[in-house]
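I am opening a notebook page on a structure that is new to me, and I want to write down what I looked up in the order in which I looked it up.

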Amino acid sequence: MHASIPQSDNNDLTEDDFRDRVAALTATIAETAVQAGRLPEEVRLLPVSKSFSADVVATAVRAGLTVLGENRPLEMAEKAQVIPGVQWCIIGPVQRNKAREVAQYAHELHSLDSLRLAETLEQRLVAADRHLDVLLQVNASHEQAKHGLHPDEVAPLLDQLAHFERVHVRGLMTLAAYSTEETVVRSAFQELRELRDRLVPNLPDGMSLQELSMGMSSDYRWAILEGSTTVRIGTAIFGHRSNSVYLK
Ligand SMILES: *Cc1c(COP(=O)(O)O)cnc(C)c1O
């Protein structure tokens, strides 16, 4: 193999593999929703294709995946230019100098964490004549290293975002603590839901906090039990990211 040619991922997934994995996840999501006294259609599966090559992602799209999560704006923009027909969701931290790519290609942003980023996005969205659904990322696990707003910062930011015309607030997002302890992981999800419930009665007109984006491959069942409406699943669909072409 020629060293200068980017090798494809160590990943020979077929369209059927993607369909099987999504079907299995969809069944588990539905079961878990019912277990929580919820309706299966209240929980959306967001497959996370970050770090996988455009070839792999194109196979997933042919298998019927049409909404995909990415964590880096430039990587999303690259893929968006060669893979049409996808609604891209940015789920990772965004620097303001990448707002242009987000405004141009993203359908949703799950990681809004500052007024300044929202202002830059609004400008870029006007220029691109597009709109963007956003979720505010909250640091509900209280880990120092995590991105996101302190829970107390959410209400003031919602008020400031009320008059934005292109950036539309739809909900909240969080990442749980990196732990295998059910009580530790669930407490972050529970905190996000309770924060949402406290904020809803005083929301600015026209704003909604319907969406709770929480849960990943390792913890999505707990997230659904705590009220998640969107689970962001990478590894359980695409496999491990260690050999990805984007991680060199
Ligand atoms: C990568 C990522 C995911 C998916 O993680 P998996 O464990 O692979 O399912 C979900 N959310 C965010 C914010 C991510 O960066």
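Predicted model: local features only at pLDDT ≥ 70, side-chain atom pairs only at ≥ 80, totals over all residues.

Entry on salt bridges. I searched the whole structure and found 14 salt bridges. One of them that I looked up joins the side chains of Glu 15 and Arg 62, with 3.2 Å from N to O. Glu 15 belongs to helix α1 (residues 15-35) and Arg 62 to helix α2 (residues 54-62), so this pair ties together parts that lie 47 residues apart in sequence.

Entry on the ligand's place. I asked where the ligand sits, and found it in the largest pocket. The residues around the ligand include Ile 91, Leu 175, Met 216, Ser 217, Ile 233, Gly 234 and Thr 235, together with Lys 50, Arg 232 and Arg 241. Sorted by class, this shell has four nonpolar, three polar and three charged residues.

I looked up the side chain of Lys 50, which has an N or O atom 2.7 Å from an oxygen atom of the ligand. For Arg 241, an N or O atom of the side chain is 2.8 Å from an oxygen atom of the ligand, whereas for Arg 232 the ligand atom at 2.8 Å from such a side-chain atom is a nitrogen. I then noted that the ligand taken alone exposes 390 Å², and that the protein buries 90% of that.

Notes:
Residues numbered from 1 in each chain as written. Heavy atoms only, no water. Near = heavy atom within 4 Å. Polar contact = N/O pair within 3.5 Å; in protein donor to acceptor, adjacent residues only side chain to side chain. Areas by Shrake-Rupley, 256 points an atom, 1.4 Å probe, with all protein chains shown as cover. 1 Å grid on protein atoms, 1.4 Å probe; cavity = no way out; pocket = protein on both sides within 12 Å on 5 of 7 lines; lining within 4 Å. Sits in = over half its atoms within 2 Å of the grid points. Nonpolar A, V, L, I, M, F, W, Y, C, P; charged D, E, K, R; others polar. Salt bridge = Lys/Arg side-chain N within 4 Å of Asp/Glu carboxyl O. Helix = DSSP H or I, 4+ residues; strand = E, 2+ residues; numbered from the N terminus.
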